[in-house]
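Hi,

Here is the structure I promised to pass on. Have a look at it first, and then read my notes below.

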Amino acid sequence: MEYWNPRIEKIPADELRKMQYKLLKMLVYRLYNFSPYYRRKFKKHNITPDDIKNCEDVSKLPFTYKKDLRDNYPDKMFAVPQQEIVRYHVSSGTTGKPTIVAYTQQDINLWTESLARSLTACGIGRGNIIQISYGYGLFTGGLGLHYGAERVGASVIPTGTGNTERQIELMQDMKVNSIACTPSYLIHMAEKAENLGISIKNDTNLKIAILGAEPWSEKTRQRIEDELGIDAYDIYGMSEFNGPMFTECSEKSGIHIWGDHMLVEVVDPKTGEVLEEGEEGELVVTTLQKEALPLIRYRTGDITELYQDLCECGRAHQRIARIKGRADDMLIIRGINVFPSQIEYVLMQTREVGKHFQLVVERDGALDKMTVRVEVSTEAFSDKINDMIALKNRIKDRLKHFLNINTEVELLEPGSLPRFEGKAKRIIDKREF
Amino acid sequence: MKEHAIKQISIFLENKPGRLARLAKAIIDSGVNILALNIAEAGDFGIVRMLVDKPRIAYEELQKKGFTVSSTDVLGIKIKNEPGELYKISKALGDANINIDYAYAYSSNSEAYLILRVSNLNESILNIQKIGLELMDSSVFE
Ligand SMILES: [Zn+2]
């Protein structure tokens, strides 16, 4: 078992908790005294640093929302003067204004340290050749992983996104054995390679993939691992707190959140109430050491759960489950959480239908019934009824496979669905509660 | 054999009031005349199949107007108004292990045709000719 920073990674759980308390106390003290934004916020909620007497007291602090970052655009939430800032990234967000994220040198160092630990846990280090196929630039993925991979001593090829044929060529020529990208890009790459007569499994040295930045499932992992003959690890992060920061370890059973960097809670997305370990809810993070843009109880909007049991790998740092979707558009159908993003993901992989869809949820007797309405593409249209029914069933099966729930599928003429910007309007919920 | 492959136009329609009217209007606007028509429905959607006098124009115009349209090769078999015609045709194809995907009828000027989509067009043409039946010629279409 390899560790990048064994002293911190193998710290016993109770000592880690003590360390987190100390860091939290210092953070609140620092923000109360030096951040005009948080000072105002704390005062409004009658909070002083003295209120923090243990780790659990974090729940006394007010939440921070994406909206706060937007309302304070571009720099009103920064807690250091501009001279201290060495980098900015920009997160686009699906709706509204972008948000700017700032980093001091220390923030970059800690981000790099976080990824160095995580990449080591995935088996990447000196001697590995890694291709970073995340976007470089304003997006945090490329540069974040780049720094982390260089820190552990891997040889980095900063391919960025696009030009897939070239990427495959480099993968072969440079004997690349690791890659960081989105799961759908890796699948796309494998298909493209196959068209060129290249098998990733047999004709390349690829052995490890670090995959994230979009929702994916355990089934997709199985498929990628089997077809490509590699180990695939899930990575988590968001630009609001640095970018990609944490991955699974060799156990592939949850993502380790480095406790000295971040304090995590899971709350009920509706009430904000803190949930027990093992209960599914919205991930809330407090950045314990960030200087330029510290976040207190940031509502990530990501749905997950905290794992209770200790990981076999010997790290006491808490683990979160694979992200199940976004809190803002979660639907509960027959007791199962369903996210439009999951449906979008399934449809994106179904070439016969367009990317537009609509979800209709209604009550069928006592049961919820969900209908996914999709537009048939001209290429997929067959004038044999059987073919069209088979297409419908194929989509149904894929949705069932991915969501674990039965859905109806309705085929529509192209252009008949309304075009919306956001995702929320894709849902028509006719149920009465 | 090619001259017996008739271009049929098929359109995907949602099974909702007004959809067929929209299609019919689009066909009028394209200056195309419908010779034979068949509608197959399957719950929330249906498929309209038609023989028109100008299949190429119909295909292009409907596609331009945003319809989901395809062009399929079918057979037109001339049938006499007497018992046993359908049996003769279906038996000949069945014996040759050819599947009929769908069928509908068309008549004009005292002539009647059976329109078929089959699993093997060329084999069907040979077998129909073998039993002495006449096939529609694609030269009647533009
Ligand atoms: Zn572990």
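Is Glu265(A) buried or exposed? Glu265(A) has 6% relative accessibility, so this residue counts as buried (buried is under 20% relative accessible area, exposed is over 50%, and partly exposed is in between, with a 1.4 Å probe and protein chains only).

Before going on, a word on the basis: this is a predicted model, where local features need pLDDT of at least 70 and side-chain atom pairs count only at pLDDT 80 or more, while totals for chains, interfaces and linings use all residues. Residues are numbered from 1 along each chain as its sequence is written, chains are lettered from A and ligands numbered from 1 in the order in which they are written, and side-chain values use heavy atoms, leaving out hydrogens and water.

Back to Glu265(A): its side chain forms a salt bridge with that of Arg297(A), at 2.8 Å, N to O (a salt bridge is a side-chain nitrogen of Lys or Arg within 4 Å of a carboxyl oxygen of Asp or Glu). Glu265(A) sits in strand S10 and Arg297(A) in the loop between strands S11 and S12 of chain A, so the pair ties together parts that are 32 residues apart in sequence (strands are DSSP E runs of at least two residues, helices are H or I runs of at least four, and both are numbered from the N terminus). Arg297(A) counts as buried too, at 3% relative accessibility.

Lys430(A) and Glu362(A) also pair, at 4.0 Å, N to O. Here Lys430(A) is in the segment after strand S21 and Glu362(A) is in strand S18, so parts 68 residues apart in sequence are tied together. Lys430(A) is exposed at 52%, and Glu362(A) is partly exposed at 23%.

There is a salt bridge between chains as well: Arg22(B) meets Glu413(A) at 3.1 Å, N to O. Arg22(B) belongs to helix H1 of chain B, and Glu413(A) to the loop between strands S20 and S21 of chain A. Arg22(B) is partly exposed, at 38%, whereas Glu413(A) is buried, at 4%. Over all chains, the count of salt bridges comes to 44.

One more thing, on helices: H8 (residues 183–195) and H10 (residues 218–228) of chain A pack at about 30°, with axes 11 Å apart. Residues in contact (heavy atoms within 4.5 Å) include Leu186(A) and Ile187(A) from H8(A), and Ile224(A) and Leu228(A) from H10(A).

Cheers

Notes: Axes fitted to C-alpha atoms, helices over the stretch in contact; angles between N-to-C directions.
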